[in-house]
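User: I would like to learn how to read a fold from its contacts, its cores and its strand pairing. Could you take me through one case step by step?

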Amino acid sequence: MQKANSNPNQNGAADKTREQVMAEREAKKQAKLAKKQKTTTPTAVETAAATTKPATTIITEVEQTTITTKLTTTTTTTTKDNVVAAVAAATSTKVAPSSEPPDSNTGEKTRDQIKAEREAKKAAKQAAKTAKTTGNNNVDTVTQKLNNLEVAPSTAAPTDVEKKKPALSKAERRAIQEAQRAAKAQGQTKKPNAAPTADAKATEKKLPSVITTPAAAVKESKRESESPAKSPAKLSPLKTERECKVKLFNHLVRANHDASLFINDARVHPSIARLGVQYAERTIVGSNARCIAFLHALRQVVQDFETPAKKEFGRSLDGAVKYHVEHLNKCRPLAVSVSNAYKQFRNQLTQLPADTPETELKEQLAHFIDTYVENQIGKAAQAISSSMQEKITDGDVLLTFACSSLIQYILEEAKRRKVAFRVIVVDSRPFCEGQEMLRRLHAHGIPCTYVLINAVSYVMPEATKVLLGAHALLANGYVMARAGTAQVALMANCHNVPVLVCCETHKFSERFQTDAIVYNELCDPNQLVMNAKCCLNNWHKSRLTPLNLSYDITPPELVSAVVTEVAILPCTSVPVILRIKPEIGY
């Protein structure tokens with residue numbers, strides 16, 4: 001067999017190049033070294049002989065690609081890893097066939113050993129051809145590296161690699177960091193509470209030595225802090241807030257109690273900051289009360305305002321007031337009366353003369369605020385009360401809902417006129433504003449009856465008139481008022497009881513709305529829970545989502561008339577009032 005195989009080699013020796021000859025010599029040297037280090041264990045020989053045949057065909061291809069990549073000098077990280085792996089694989093295959101001892105009975109080489117030598121020669125020829133085409137003569141360097149790897153035993157290879165490991169490039173470090181981050185994320189998703197294994201601890205001990213620059217550690221910490229998997233505490237408040245909303249009403253907002261809105265803001269005046277807290281905590285409620293408090297706080301802002309250098313007073317004050325109004329709107333959505341008052345104030349700012357001293361301009365604005373409160377709220381209430389006194393007679397039973405400062409003023413005026421009447425106060429949870437109405441009327445000696453809204457059908461037959469307040473009167477004639485007003489008006493319509501809505505013209509709005517979904521204000525759903533025994537106590541743990549709306553919409557068909565300071569009008573006359581008094585429609 002050896003002679004038959006050596007003949008073709010001798011015939012073609014003249015055609016061999018220097019590189020092929022060197023490769024054959026190195027292969028023979030390795031064969032001699034392997035014979036000296038032959039093993040005596042028969043099981044190892046059998047195992048090597050059994051695994052040599054399928055491995056040689058695969059590894060020779062890998063060896064060819066490895067030599068090619070070495071000659072082309074590719075510098076990427078993945079190519080380097082593939083080169084090292086391929087060289088190690090080629091080394092093991094070269095040593096395996098040559099390390100087998102000759103058969104004890106015959107003293108000749110086995111069939112597998114001969115095939116392995118042939119494959120090695122073919123690989124050397126292929127390497128020589130590749131070197132010619134690429135113009136590089138680095139075969140000697142590659143074979144020298146193969147020799148160094150072949151001499152080292154397989155058991156000591158990992159330790160030698162660790163000792164001789166060169167400094168990693170930036171791309172390699174980044175790849176290791178990404179792998180570490182992916183492993184940590186996968187471990188947290190699968191076993192968030194499990195203890196780390198020994199392999200994980202070992203990798204954690206090794207990887208910090210790879211990250212040598214502090215900038216990489218800073219970047220990694222930033223990514224970990226920004227990743228959602230590492231910061232569930234940041235997402236939990238948003239999640240709970242979304243869970244507390246009905247999906248149909250996600251576009252609505254509610255009062256904000258966040259302390260960061262009220263502190264550490266130098267641009268917000270203390271009076272506005274105090275008013276924002278009172279709005280959010282519902283210390284000041286009611287359309288007229290909120291408007292009066294806003295105008296008083298606005299007067300303080302005007303008095304303390306200082307015009308910047310080389311700036312105009314009117315424009316500078318307009319920007320400051322706009323910022324304060326936005327702050328109040330964040331605390332709680334502005335009432336229609338507050339929005340109208342703010343628009344009137346801005347209209348007054350545009351009419352200020354430019355050649356007037358700043359002190360006089362401030363006095364003009366303060367006078368405007370006092371006049372607005374007196375005319376639009378005070379005198380309007382007196383005019384509405386005068387119109388309603390003609391409608392209240394002896395023996396009337398007046399039914400009212402919740403608490404309205406205007407209705408209270410009308411009833412107190414009727415009591416001063418010594419009209420014999422009584423009042424039925426209808427109330428509803430969660431705010432129970434009717435209790436405050438009952439307390440005020442009882443303090444003036446007015447006989448009252450207090451019921452909840454679920455009993456309104458029992459007391460409605462006794463009522464002769466229904467007096468209701470309003471948050472706003474829309475341009476299409478619909479009345480926006482406290483939630484529950486529409487139910488009371490509907491019950492009065494069923495019993496043929498006239499419904500009179502008392503509303504000042506500064507509450508008129510140009511908005512068109514036919515339901516309470518498009519525009520409304522959400523309240524805290526936890527306010528619907530009465531006590532620990534309430535069935536809604538643990539609604540967070542169930543799929544139930546309570547809805548607590550502030551206002552509802554009453555259609556004009558359920559309203560007999562609207563009493564204003566102008567006249568007693570039907571609901572459809574709202575656009576006419578807006579045209580007659582355009583300053584109210586801002």
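**Reading contacts, cores and strands**

Analyst: Among contacts in the protein chain that join residues at least 6 apart in sequence, 79% link residues at least 24 apart. The model is a predicted one, and its chain holds 21 helices and 12 strands.

User: How much of the protein chain counts as buried, and what supplies the area it exposes?

Analyst: Of its 586 residues, 40% count as buried, while the chain exposes about 33,700 Å², of which carbon and sulfur atoms supply 55%.

User: How should I read a nonpolar core, and which residues touch the most other members of the largest one here?

Analyst: The general idea is that nonpolar side chains tend to be buried together in soluble globular proteins. In this structure the largest nonpolar core has 36 residues, and those touching the most other members are Leu 275, Phe 294, Leu 295, Leu 317, Phe 345 and Leu 365. Helices H12 (270-280), H13 (287-304), H14 (313-331), H15 (336-350) and H16 (358-389) each supply at least two residues of this core, with the largest share, 8 residues, coming from H13. A second, separate core of 22 residues includes Ala 414, Phe 421, Leu 500 and Cys 502.

User: With which residues is Leu 275 in contact, leaving aside its neighbours within four places in sequence?

Analyst: With those neighbours set aside, Leu 275 is in contact with Ile 284, Ala 293, Phe 294, Ala 297 and Leu 328.

User: Turning to the strands, what is the order in the open sheet of 7 strands, and which are the edge strands?

Analyst: The edge strands, each pairing on one side only, are S4 (448-452) and S12 (568-569). Within the sheet, S2 (residues 396-401) and S3 (residues 421-427) pair in the parallel sense over 6 bridges, and Leu 399 stands opposite Ile 424 in S3. Helix H18 (residues 434-443) lies across S2, S3 and S4, running at about 160° to S3.

User: Which strands does S7 join through bridges, and do they run parallel or antiparallel?

Analyst: Strand S7 (residues 479-482) is joined to S6 (residues 472-473) by 2 bridges, and the two run antiparallel; S7 is also joined to S10 (residues 551-554), by 4 bridges and again antiparallel. Met 480 in S7 has Ala 472 opposite it, and Met 480 likewise stands opposite Ile 553 in S10. The hairpin of S6 and S7 has 5 residues between the strands, and in this hairpin Gly 477 takes a positive phi near 90°.

Notes. Residues are numbered from 1 along each chain as its sequence is written. This is a predicted model: local features need pLDDT of at least 70, side-chain atom pairs count only at pLDDT 80 or more; totals for chains, interfaces and linings use all residues. Side-chain values use heavy atoms; hydrogens and water are left out. A nonpolar core is a set of buried Ala, Val, Leu, Ile, Met, Phe, Trp, Tyr and Cys residues joined through side-chain atoms within 4.5 Å. Buried means under 20% relative accessible area, exposed over 50%, partly exposed in between (1.4 Å probe, protein chains only). Contact means heavy atoms within 4.5 Å. Two strands pair if DSSP finds at least two bridges between them. Axes are lines fitted to C-alpha atoms, for helices over the stretch in contact, and angles run from 0 to 180 degrees between N-to-C directions. Accessible areas come from the Shrake-Rupley method with a 1.4 Å probe; for residues, only the protein chains shown count as cover.
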